[in-house]
Amino acid sequence: MPDARTRPAYSDPVDLETAELELTSSIYDGFSTAIMVKGKPRTVALCREYGDAVQLMALIERGRASTPKPAIPASDGSQRLSDHFTLAEMTVSAAAARKGLDNTPPPQIVDQLILTADRMEKVRELLGGHPIRITSGYRSPAVNKAVGGSATSAHRTGHAVDFTCPGFGTPAQVAAHLAKHLIGYDQLIEEFGEWVHVGFGPGQRMQKLTARKVAGKTKYTQGIKA
Ligand SMILES: [Zn+2]
């Protein structure tokens, strides 16, 4: 019995959904072509005829294209949407974690989150390149309901981000700085002195607001109050 522990690492199963494959001229007797994992000494298939190898590759590719993929597997929130923002950061939700709610965005929302992450790169740059702490980005309908978010919230479409930037200053200082320098957004709101909400769409109103709780209700006033 071969001891599994002595097998070389490259004999681990290849993930045919994602592995980068290539056709190579086979050095094996009687086989003209091998399908190999690119950059690894790993043969997935050997074919006697080159044409068969091409067809087999096409079948693998077709299988990949037709397999419906979840937007992102839950375990893979590390997917990078831009230089400094990951999918996990853009979909973070304390409420979802606490209540066990699914906050996985559908593919079209992921596309929007990539655009939003790109806009957040600009925000980060304006704030001197200090790390941004996102406290809420995308909210699924269930999560939005759980946090009491407005039904029309820009968080639902992946357009909005709540964040702090302690390296730059308080939320009020961050909001005041962005109000002066940021362009091309819909709403910039300093919320309760605790975080900054920035919504990049769908509108482009460049509204600047301050939110405060007054007798238990959220009241918005024009401008950023320092
Ligand atoms: Zn918000």
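Val-174 touches Leu-127, Cys-165, Phe-168, Gly-169 and Val-196, leaving aside residues up to four places away in sequence. Val-174 sits in helix H6. The model is predicted. Its mean pLDDT is 88, and 89% of the residues reach 70 or more. The protein has six helices and nine strands. Of its 226 residues, 26% are buried.

- Val-174 has 27 other C-beta atoms within 10 Å; the cut-off for a buried residue is 20 or more, so Val-174 counts as buried.
- Ile-224 lies 50 residues from Val-174 along the chain, with 9.9 Å between their C-alpha atoms.
- The buried residues of H6 are Pro-171, Val-174, Ala-175, Ala-176 and Leu-178.
- An α-helix has 3.6 residues a turn, so residues three or four places apart point the same way.
- The cover over the buried residues of H6 includes H4, E5, E6 and E7.

**The largest nonpolar core**

- In soluble globular proteins, nonpolar side chains tend to be buried together.
- Here the largest nonpolar core holds 29 residues.
- Met-90, Leu-113, Ala-175 and Val-198 have the most contacts inside this core.
- At least two residues of this core come from each of helix H2 (87–90), helix H4 (107–126), strand E5 (160–164), helix H6 (171–181), strand E6 (187–191) and strand E7 (195–199).
- H4 gives the largest share, five residues.
- Met-90 touches Leu-81, Phe-85, Leu-113, Thr-116, Ala-117, Ile-134, Gly-137 and Tyr-138, not counting residues up to four places away in sequence.
- Across the protein, 49% of the contacts between residues at least 6 apart in sequence join residues at least 24 apart.

- Strands of a sheet pair through backbone hydrogen bonds, either parallel or antiparallel.
- Strand E2 (residues 33–37) runs antiparallel to E3, and four bridges join them.
- Ala-34 stands opposite Leu-46 in E3, and Ile-35 has Ala-45 in E3 as its bridge partner.
- In a regular strand the side chains alternate between the two faces of the sheet.
- E2 and E3 form a hairpin with five residues between them. Gly-39, in the turn, has a positive phi of about 80°.

**His-155, a buried loop residue**

- His-155 lies in the loop between helix H5 (141–146) and E5.
- His-155 has 22 other C-beta atoms within 10 Å; with the cut-off at 20 or more, His-155 is therefore buried.
- Gly-137 is 18 residues from His-155 in sequence and 5.9 Å away in space, C-alpha to C-alpha.
- Beyond four places in sequence, His-155 touches Ser-136, Gly-137, Tyr-138, Arg-139, Asn-144, Gly-149 and Ala-160.

**Backbone exceptions**

- Most residues other than glycine have a negative phi, and most peptide bonds are trans.
- The peptide bond from Gly-201 to Pro-202 is cis, with omega near 0°. Pro-202 is in the loop between E7 and strand E8 (207–214).
- Met-206 is in the loop between E7 and E8. Met-206 is not a glycine, yet its phi is positive, about 50°.
- Met-206 is partly exposed, with 13 other C-beta atoms within 10 Å.
- Ala-215 is in the loop between E8 and strand E9 (217–222). Its phi is near 50°, a positive value in a residue other than glycine.
- Ala-215 has 5 C-beta neighbours inside 10 Å; exposed means 12 or fewer, so Ala-215 counts as exposed.

**Confidence**

- Over residues 69–75, pLDDT stays under 50.
- For residues 69–75 the model has 12 contacts beyond four places in sequence.
- Where pLDDT is low, the predicted coordinates should not be read in detail.

Technical notes: Residues are numbered from 1 along each chain as its sequence is written. Two strands pair if DSSP finds at least two bridges between them. A nonpolar core is a set of buried Ala, Val, Leu, Ile, Met, Phe, Trp, Tyr and Cys residues joined through C-beta atoms within 7 Å. Two residues are in contact if their C-beta atoms, placed from the backbone, lie within 7 Å. pLDDT is the predictor's confidence in each residue, from 0 to 100.
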